[in-house]
Amino acid sequence: MEPGQASAFSVGLTGGIGSGKTTVADMFGALGASLVDTDAIAHALTAPHGSAMPAILAEFGDTFATPQGALDRAKMRELVFTDPGARARLEGILHPRIREATAAAAAIATGPYVIFVVPLLIESGTWRERVTRILAVDCPEETQVARVMARNNLSETQVRAIMAAQVTRAQRLAGADDVVLNDDGLAALTPQVERLHAFYMAEAARLAASTMRGL
């Protein structure tokens, strides 16, 4: 079944690079939500022997593989940031496969609700119809830059180039139903996540009851 188009309550979780999406998602997972991480799916598709690798190498050439047979992410990143056509070709290979794997993971989820972790959720333009609510993890842009520079050993220029390829902070917040502010450590995150989890649990139960009444 397509995520968000069945009766189950679902949340699309997004945020800019360095916002702390994974940390927040893991906190929801610890509370019982089922997590479907599209980035993890994309990494599996482009790992050694990943199912997307034959099509990627046929399209871009064998030089885009590492010696182990995975996607050379640094080389591909450099290409797609300078060539929009290459980005579109890569997305044409990956997006249908990610969508299929996402739907399969959602279909076997056992939690009271599903959280789809989608870094480019707002950019894709399709997730609004596929989930019940959109949750943005937010922090100041300077915090994003500092986190990614420290985590990925990138220059500020490189980080800002990645951020420029994403929607702006204002656009992301405008597209969100809910927001978690991640600028002050785990202690500040916990009550926000717990409050939203309680709300999502109640909404999931309400939606389930409404569906049963309609049967």
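The following questions and answers go through a predicted model of one protein chain.

User: What radius of gyration does the protein chain have, and what would a compact globule have?
Analyst: The protein chain has 215 residues, and a compact globule with that number would have a radius of gyration near 17 Å. The value for the chain agrees with this. Its C-alpha atoms fill a box of roughly 55 × 40 × 25 Å along the principal axes. The radius of gyration of the protein chain is 18 Å.

User: How many helices and strands are in the protein chain?
Analyst: Among the helices is α1, which covers residues 21-30. Among the strands is β1, which covers residues 10-15. In total the protein chain has 10 helices and 5 strands.

User: What percentage of the contacts in the protein chain with a separation of 6 or more joins residues 24 or more positions apart?
Analyst: Leu13 in β1 touches residues such as Ile115 and Val137. Taken over the protein chain, the share of those contacts that residues 24 or more positions apart account for is 73%.

User: How far apart are the mean positions of the positive and negative charges?
Analyst: The protein chain carries 19 positive and 23 negative charges. The distance between their mean positions is 3 Å.

User: Which residues of helix α1 are buried, and what arc do they cover?
Analyst: The buried residues of α1 are Lys21, Val24, Ala25, Met27 and Phe28. They lie on the same side of α1, because the arc they cover around the axis is only 155°.

User: Which residue with a positive phi follows α1?
Analyst: Helix α1 spans residues 21-30. The residue that follows has a phi near 120°, and this residue is Gly32.

User: Which helices do the buried residues of α8 pack against?
Analyst: In α8 (residues 156-164), the buried residues are Val159, Ile162 and Met163. They cover an arc of only 100° around the axis, which puts them on the same side of α8. The face turned away from this buried side carries the exposed residues Thr157 and Ala164. The buried residues pack against α4 (73-82) and α7 (141-152).

User: Is Leu13 buried or exposed?
Analyst: Leu13 is in strand β1. Its contacts, leaving out residues up to four places away in sequence, include Lys21, Val24, Ala25 and Phe28, and these four residues are among the buried ones of α1. The relative accessibility of Leu13 is 0%, and therefore Leu13 counts as buried.

User: Which residues does Ala52 touch, not counting those up to four places away in sequence?
Analyst: Ala52 sits in the loop between α2 (38-45) and α3 (53-60). Ala52 is buried, with a relative accessible area of 0%. From Ala52 to Ala42, 10 residues away in sequence, the C-alpha distance is 8.8 Å. The residues that Ala52 touches are Leu45, Ile93, Leu94 and Arg97.

User: What is the relative accessible area of Gln166?
Analyst: Gln166 lies in the loop between α8 and α9 (169-174). Not counting residues up to four places away in sequence, Gln166 touches Gly16, Ile17, Leu120, Glu123 and Arg172. Buried means under 20% relative accessible area. Gln166 is therefore buried, and its value is 15%.

Methods
Residues numbered from 1 in each chain as written. Predicted model: local features only at pLDDT ≥ 70, side-chain atom pairs only at ≥ 80, totals over all residues. Heavy atoms only, no water. Helix = DSSP H or I, 4+ residues; strand = E, 2+ residues; numbered from the N terminus. Rg over C-alpha atoms; globule rule 2.2 N^0.38 Å. Contact = heavy atoms within 4.5 Å. Lys, Arg positive; Asp, Glu negative; His and termini not counted. Charge placed at Lys NZ, Arg CZ, Asp CG, Glu CD. Buried < 20%, exposed > 50% of the residue type's maximum accessible area, 1.4 Å probe, protein only. Arc of directions from axis to C-beta.
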